[in-house]
Amino acid sequence: MSKIPLAGVIGCPVGHSRSPVLHGTWLRDYGIAGHYVPLHVEPGDLAQVLRAMPAMGFVGANVTIPHKEAALALADEVSDIAARIGAANTLSFEGGRSVADNTDGYGFMANLRQNAPDWRADQGAALILGAGGAARAIIVALQDAGAPEIRITNRTRARADALAAEFGLTVVDWDARSQALGDLGLLVNTTSLGMAGQGALEMPLAGLPERALVTDIVYTPLETPLLRDARARGLRVVDGLGMLLHQAAPGFARWFGGKPQVTDALRRAVLGA
Ligand code: ATR
């Protein structure tokens, strides 16, 4: 008897994750037999849990805060992109081995391709606000897409300096961030500022060229104050929900099969949850 494949999202906490409803919607829409569950795993238990999962019928898992770096270190095999990013968000259990991948950068680019098809990474410099894990994935994606220059700015300067040294970026002082906009093709917020319940992001946009695209990885609210300001100035904007949806697709295809599509109906299903 063939087993029904299982997958899930491993986090701590994990209750807020939209991944179960996202994968659940695809499973239902495509009539695929499978289950995707939230898995609350304490950091000290991660290694044991990952070893046990294949025997329980799991074909893979997403990994979220705070496990992304540890999951990379524990994998038997690591994709090139996950190694460069230094974190894993997608694990697959195949033939007794665990394979770690990172699809966050792919999700970021796929979201821009879908929602701003005319924008191209090689047409201008990019400025990244923030220097956490999401910034790392986006830096790698933009470099692979041919961004001619990537600037980074972060409240804690040392974290920006470290990323700049590792990836060959230009550092902009946090207090001078509004002066680094003149030739940008892309402005990305990867900080938690602008999220409901978090602090406000102060980012005057007056210096941005008309062609610049503004995007935010924050998607609660969907239209962050940054995106609202940019839209009011007539700039192109892309919200952050699509990154979440697109980063999920490669894992789904690998574990359950099919070609999962990111549609408006999926957006509504995930937002409504
Ligand atoms: P993730 O891995 O999801 O990107 P993270 O590593 O916690 O999360 O990074 C959060 C980012 O938001 C950081 O760049 C952080 O800046 P610091 O490195 O200075 O902490 C940024 N951030 C969070 N709160 C902030 C605030 N009040 N002002 C400015 N930046 C803030």
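A polar contact is taken here as a pair of N or O atoms within 3.5 Å. In this predicted model, a polar side-chain atom of Arg159 lies 2.8 Å from an oxygen atom of the ligand, a separation that falls within the 3.5 Å cut-off. The side chain of Thr156 also takes part, with one of its N or O atoms 2.5 Å from a ligand oxygen atom, whereas Ala134 contributes through its backbone, from which an N or O atom lies 3.3 Å from an oxygen atom of the ligand. Considered on its own, the ligand exposes 640 Å², and the protein buries 70% of that area.

## The surrounding shell

The ligand sits in the largest pocket, where 13 residues surround it.

## Two cis peptide bonds

Most peptide bonds are trans. In this model, however, the bond from Cys12 to Pro13 is cis, with omega near 5°, and a cis bond likewise joins Thr220 and Pro221, where omega is about 5°.

Both prolines are found in loops: Pro13 is placed between strand β1 (6-11) and helix α1, while Pro221 lies between strand β11 (213-216) and helix α8 (225-232).

Ile81 belongs to helix α4, which spans residues 80-85. Its relative accessible area is 27%, and Ile81 is therefore partly exposed, because that class covers values between the 20% limit for buried residues and the 50% limit for exposed ones. Along the chain, Ile81 and Gly105 are 24 residues apart, and their C-alpha atoms are separated by 8.8 Å.

Gly31 is located in the loop that runs between helix α1 (19-29) and strand β2 (35-40). With a relative accessibility of 66%, Gly31 counts as exposed, since the class requires a value over 50%. Gly31 and Leu181 stand 150 residues apart in sequence, and the distance between their C-alpha atoms is 47 Å.

Terms used:
Residues numbered from 1 in each chain as written. Predicted model: local features only at pLDDT ≥ 70, side-chain atom pairs only at ≥ 80, totals over all residues. Heavy atoms only, no water. Near = heavy atom within 4 Å. Polar contact = N/O pair within 3.5 Å; in protein donor to acceptor, adjacent residues only side chain to side chain. Areas by Shrake-Rupley, 256 points an atom, 1.4 Å probe, with all protein chains shown as cover. 1 Å grid on protein atoms, 1.4 Å probe; cavity = no way out; pocket = protein on both sides within 12 Å on 5 of 7 lines; lining within 4 Å. Sits in = over half its atoms within 2 Å of the grid points. Helix = DSSP H or I, 4+ residues; strand = E, 2+ residues; numbered from the N terminus. Buried < 20%, exposed > 50% of the residue type's maximum accessible area, 1.4 Å probe, protein only.
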